[in-house]
Amino acid sequence: MLIVTRTIDARADTFDELRALSLGHVARSRAELGCLEHGVTIDANDGLRIIFFERWADGPALDAHFKVPASRAFGAKVVALAAHSARLRRPAGADSRGRCGHGSRRYG
């Protein structure tokens, strides 16, 4: 199992759109094979920060998620609407198979 977290810092003028897009992305992702949990929250300390928490069965399931056209489109929209680039974090720098040695990668 892989746990993935991601934060997106929105701008005040794009927060509502990013929130709506994020909720749609979560709903879509939950239906994907290998998705054990996919959620999104707003940071209680920073109302413009959107936080994702995901659990995936394994690396191939997560890799497949990034290849879904709707996920790629979501990533592109995030890049355009976020205050700065979002970062994806894999646990302890694990690669798609859970092996160490692979750092974070940009989403989108």
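**Reading the contacts around histidine 38**

Student: What makes the link between the side chains of histidine 38 and glutamate 54 a polar contact?

Tutor: Those two side chains come to 3.3 Å of each other. A polar contact is a pair of N or O atoms within 3.5 Å; within protein, one must be able to donate a hydrogen and the other to accept it, and residues adjacent in sequence count only if both atoms are side-chain atoms. The 3.3 Å lies within that limit, so the pair qualifies. Do keep in mind that this is a predicted model, where local features need pLDDT of at least 70 and side-chain atom pairs pLDDT 80 or more, while totals for chains, interfaces and linings use all residues. Residues are numbered from 1 along each chain as its sequence is written, and side-chain values use heavy atoms, leaving out hydrogens and water.

Student: Why does histidine 38 count as buried?

Tutor: Its relative accessibility is 1%. Buried means under 20% relative accessible area, exposed over 50%, and partly exposed in between (1.4 Å probe, protein chains only), so histidine 38 is buried.

Student: Which residues does histidine 38 touch, beyond those up to four places away in sequence?

Tutor: Among them are His25, Arg30, Phe52, Phe53, Trp56 and His65. Contact here means heavy atoms within 4.5 Å. Histidine 38 itself sits in strand E2 (residues 35–42); strands (E, at least two residues) and helices (H or I, at least four) are DSSP runs numbered from the N terminus.

Student: Phe53 is on that list. Why does phenylalanine 53 count as partly exposed?

Tutor: Phenylalanine 53, in strand E3 (residues 49–56), has 34% relative accessibility, which puts it in the partly exposed class.

Student: How many aromatic pairs does a search of the whole structure find?

Tutor: The search finds 1. Phenylalanine 52 and phenylalanine 74 form it, with 6.0 Å centre to centre and 70° between the planes.

Student: What makes the pair of phenylalanine 52 and phenylalanine 74 edge-to-face?

Tutor: Rings of Phe, Tyr and Trp (its six-membered ring) pair if their centres lie within 6.5 Å; planes under 30 degrees apart count as stacked, over 60 as edge-to-face and the rest as tilted. The 6.0 Å makes it a pair, and the 70° therefore makes it edge-to-face. The partners are 22 residues apart, phenylalanine 74 being in helix H3 (residues 69–81).

Student: Why does phenylalanine 74 count as buried?

Tutor: Phenylalanine 74 has 3% relative accessibility, so it counts as buried.
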